[in-house]
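Hi,

Here is the structure I promised to pass on to you.

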Amino acid sequence: MKTDILKDKFAGVALPMATEIKEFVKENGSHIIGQYTIEQVYSGMKGMVGMVTETSKLDPEEGIRFRGYSIPELREKLPRAPHDTEPLPEGIFYLMLIGELPNEDDVINVSNAWARRSQVPKHVFDMLDTLPLSTHPMTQFSCAIMAMQTESVFAAAYRKGINKKDYWDPTYEDVMNLIARLPRVAAYIYRRLYKNGVHIEPDPKLDWAGNFAHMLGYDDYNVKRLMRLYLTIHADHEGGNVSAHTTHLVGSALGDPYLAFSAGMNGLAGPLHGLANQEVVRWIMDLRNFYSGAMPTKDMIKEYVLKTINEGKVVPGYGHAVLRKTDPRFLAQMDFANKYMPDDENCKIVHMLYEVVPPILEGLRKIKNPWPNVDAHSGALLIHYGMIEYDFYTVLFGVSRALGVLASLLWDRALGNPLERPGSVTTEWMKAQVMKAHA
Ligand code: NMX
Ligand code: MLT
């Protein structure tokens with residue numbers, strides 16, 4: 001059998017760490033790391049440490065760090081395609097999996113491995129073709145991931161009987177195959193829905209993101225550049241966000257990566273999570289239509305934001321469960337817009353919103369973070385290059401998020417992480433605790 005350098009490297013770092021963690025927990029298991037309140041339990045467990053995720057860590061003030069590296073550092077340090085200014089997503093996957101920055105050969109190796117593994121079984125396309133064209137692209141994406149589960153190496157190995165300590169090995173195969181195939185599936189959904197079903201064959205000479213742009217029908221080098229940035233910055237946001245946590249939870253029942261990732265994508269498809277990227281553009285289009293298509297002024301934007309809030313709706317793209325400052329992923333995209341499309345009208349509106357929205361939200365006195373998140377900017381960049389079909393945007397987010405949540409699932413298997421099963425209580429139980437404390 002051909003050697004797989006990445007697989008061997010992963011085993012070399014992850015398996016010794018499993019032993020190290022067992023020892024660490026044995027020695028320090030009773031150490032208290034925090035306390036939590038009734039309010040936290042009732043408000044979505046925010047701020048409660050409940051899981052360990054090795055791939056990235058979110059700082060409320062500073063934003064995400066992947067294995068210690070911030071977004072600006074990664075844009076600088078990760079290997080790039082020839083002549084490009086943005087990193088290759090292959091590099092961030094390598095970093096999350098191995099824990100070290102890759103060199104050029106490491107990313108070429110990942111790129112080649114994904115190209116080799118990228119064949120999507122025909123029944124997946126046949127299944128997609130049976131779905132009504134009105135089916136949301138995220139629903140189609142999730143269905144396609146489930147249809148590919150027929151290929152799960154982990155599910156087959158488990159059925160045959162496999163030693164617990166070897167679970168990570170077939171999981172690695174599934175994770176690599178799944179990531180390799182997602183761009184083809186996503187491009188198929190896009191072309192089926194919006195380009196009369198005229199599909200574009202992959203170009204195995206291109207990198208993962210470049211090939212994705214190509215299969216979507218965008219061969220302009222700038223789109224490939226944007227796709228590399230996009231797929232890098234959306235990859236991971238520590239373990240507690242809905243898509244990562246769902247993938248981890250479903251995977252904890254030893255569901256294979258197809259089952260776990262499809263569940264994670266159903267989480268991403270919610271409007272308070274990944275679907276916010278389509279909602280932002282829908283909201284900006286509604287704003288423009290409200291003013292008969294005219295370029296809005298700051299006062300007009302202010303009026304429209306207040307109208308949205310008074311109707312009891314959220315302003316999409318603003319706020320965050322953990323972040324308390326502007327999302328560095330928003331800033332990376334703003335930097336991209338200023339460099340490559342300084343005169344773009346929608347980007348100008350996005351930048352005006354950045355001035356107008358935070359003081360209004362702050363004035364409400366209930367929102368914990370009035371600043372923009374990653375979804376506030378991404379759509380405007382895509383529209384600039386002609387990708388106007390905003391219902392599709394969350395699928396792009398999902399292709400990227402696969403890198404982080406599947407790298408984490410592989411770590412879960414290598415570390416032998418257990419079934420997740422938190423306790424739950426009733427309000428009656430909560431009241432009884434308070435009564436006891438006051439008695
Ligand atoms: N516009 C208006 N009201 C808001 C907004 C917003 N953008 N964000 C939060 N609030 C409200 C929120 O609904 C809540 O109101 P109430 O007490 O009446 O229920 C109050 O402010 C306090 O909410 P927070 O504790 O600040 O926010 P929470 O942690 O619960 O939720 C989000 C975080 C991200 C779900 C929330 O800010 C939101 O709904 N934002 C808009 C949707 C969005 O952009 N989601 C994308 C997140 C990033 N991603 O990709 O996943
Ligand atoms: C994410 O990228 O997952 C979002 O910013 C949401 C989160 O971190 O909760």
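Which residues come nearest to ligand 1? Of the 20 residues around ligand 1, the nearest are His273, Gly317, Lys366, Lys368 and Asp375. Please keep in mind that this is a predicted model.

Some polar contacts for ligand 1, in case you want to look them up in your viewer. The side chain of His273 places a polar atom 2.7 Å from an oxygen atom of ligand 1. With Lys366, an N or O atom of the side chain is 2.7 Å from a ligand 1 oxygen. Tyr318 takes part through its backbone instead: a polar atom there lies 2.8 Å from a nitrogen atom of ligand 1. On its own, ligand 1 has 900 Å² of accessible area, and the protein covers 75% of it. The shell around ligand 1 is made up of eleven nonpolar, five polar and four charged residues.

Now to ligand 2. Its surroundings consist of His237, Asn241, His273, His320, Arg329, Phe397 and Arg401. By class, the shell of ligand 2 has one nonpolar, four polar and two charged residues.

Ligand 2 taken alone exposes 270 Å², of which the protein buries 85%.

Best wishes

Terms used
Residues are numbered from 1 along each chain as its sequence is written. Chains are lettered from A and ligands numbered from 1 in the order in which they are written. This is a predicted model: local features need pLDDT of at least 70, side-chain atom pairs count only at pLDDT 80 or more; totals for chains, interfaces and linings use all residues. Side-chain values use heavy atoms; hydrogens and water are left out. A residue is near a molecule or strand if one of its heavy atoms lies within 4 Å of it. Accessible areas come from the Shrake-Rupley method with a 1.4 Å probe; for residues, only the protein chains shown count as cover. Ala, Val, Leu, Ile, Met, Phe, Trp, Tyr, Cys and Pro count as nonpolar, Asp, Glu, Lys and Arg as charged, and the others, Gly among them, as polar. A polar contact is a pair of N or O atoms within 3.5 Å; within protein, one must be able to donate a hydrogen and the other to accept it, and residues adjacent in sequence count only if both atoms are side-chain atoms.
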